[in-house]
Amino acid sequence: MNKIKQFWRNNRGFVLFIGLMLVFRSAVADWNDVPSGSMQPTIEIGDRILVNKMAYDLRLPFTTQSIVKLADPKRGDIVIFASAAADNRLVKRVVGMPGDVVSMQHNVLSINGKRVDYTESDQALETEAGNELLLTEQLGGIAHAVKLAPVSSGLANFAPVKVPKGHYLVLGDNRDNSADSRVIGFVPRHEIVGRAGKVLFSLDYENYYMPRSERFLAKL
């Protein structure tokens, strides 16, 4: 007991700092490593993204229990959610809101019977499989890039579906290479833990983990 008291006297400032930092990361803001390319070109493999955990809820620290609902996700938001269906934490973009009817034909989205607007980029990404196409997709007031593979995958089409109450339809920006709602189904509201809006820093896994300075603090 005396050793514990002595340790506390000698290190209480450090212990309090660690405790407050853990509470902050649990309930206020955290960072998330991105190990896959499902959100390319918006989020690159090796990005560490800032997660605003108070974007939608005030939660009890170290739990997923919401104390106060602050807002609901909006169409176009990049959300982080703890998916029970995938048994993993995922990062995707909100496309369908509760009550929306969403469909996709040849990678072209329609929401509530209205075709989403797309513009083609002058750029193309050269890969081993061929040239990948970059498009700008307009989701409400948010314009963002999507990437399409040279050969369309089986994920490029789905019939109209209605998003249930309390759920969201989410997609990856890398449309032909993303295990999103087309694979795991609709995302329950309570699984969404925060919103991503910025890259904190980034490491290039294919170049000896060198920092990508141009992506530091880049807005998503």
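The points below go from the overall build to single residues.

1. **Overall build.** Please keep in mind throughout that this is a predicted model. The chain has two helices and 17 strands, and its C-alpha atoms fill a box of roughly 70 × 45 × 30 Å along the principal axes. Of the 220 residues in the chain, 39% are buried.

2. Have a look at F7, W8, F14, V15, L16, F17 and M21, which make a nonpolar surface patch of about 710 Å². One of these residues, F17, sits in helix α1, which covers residues 2-27.

3. **The largest pocket.** The largest pocket holds about 220 Å³ of space. It is lined by 13 residues, and those closest to its centre are P35, S36, R89, L90 and V91. Strands β1 (29-33) and β6 (88-96) each give at least two residues to the lining. Which of the elements supplies the largest share of that lining? It is β6, with five residues. Sorted by class, the lining has six nonpolar, four polar and three charged residues.

4. The structure holds 15 salt bridges, and a few deserve a visit. K53 pairs with D30, with the closest N and O atoms 3.9 Å apart. This pair links distant parts of the chain, as K53 is in the loop between β2 and β3 while D30 is in strand β1, 23 residues apart. Are the two partners buried or exposed? Both K53 and D30 are buried.

5. **A loop-to-loop salt bridge, R75 to D100.** Here the side chains meet at 2.6 Å, N to O. R75 comes from the loop between β4 (66-69) and β5 (78-83), and D100 from the loop between β6 and β7 (101-105), so the pair links distant parts of the chain, 25 residues apart.

6. R212 forms a salt bridge with D204, and their closest N and O atoms are 3.6 Å apart. Why does R212 count as buried? Its relative accessibility is 15%, and the buried class takes in residues under 20%. Elsewhere, D57, R59, K69, D72 and R189 are linked in a network of salt bridges.

7. **A cis peptide bond.** The peptide bond from Q40 to P41 is cis, with omega near 5°. P41 lies in the loop between β1 and β2.

8. Most residues other than glycine have a negative phi. H106 has a positive one, near 55°. H106 is found in the loop between β7 and β8 (108-111), and it counts as exposed because its relative accessibility is 65%, with the cut-off for that class being over 50%. Y209 also has a positive phi, near 60°, and its place is in the loop between β16 (192-204) and β17 (210-211).

9. M54 is in the loop between β2 (47-52) and β3 (57-59). Is M54 buried or partly exposed? With a relative accessible area of 32%, M54 is partly exposed. M54 and M104 are 50 residues apart in sequence, and their C-alpha atoms are 32 Å apart in space.

10. **I192, and its separation from P61.** I192 is found in strand β16. I192 is buried, with a relative accessible area of 0%. I192 and P61 are 131 residues apart in sequence and 15 Å apart in space, C-alpha to C-alpha.

Conventions:
Residues numbered from 1 in each chain as written. Predicted model: local features only at pLDDT ≥ 70, side-chain atom pairs only at ≥ 80, totals over all residues. Heavy atoms only, no water. Patch = residues over 30% accessible without salt bridge, like charges linked within 9 Å, V, L, I, M, F, W, Y side chains within 5 Å. Areas by Shrake-Rupley, 256 points an atom, 1.4 Å probe, with all protein chains shown as cover. Salt bridge = Lys/Arg side-chain N within 4 Å of Asp/Glu carboxyl O. Helix = DSSP H or I, 4+ residues; strand = E, 2+ residues; numbered from the N terminus. 1 Å grid on protein atoms, 1.4 Å probe; cavity = no way out; pocket = protein on both sides within 12 Å on 5 of 7 lines; lining within 4 Å. Points joined across faces, edges and corners; volume = space filled by probe spheres on them. Nonpolar A, V, L, I, M, F, W, Y, C, P; charged D, E, K, R; others polar. Buried < 20%, exposed > 50% of the residue type's maximum accessible area, 1.4 Å probe, protein only.
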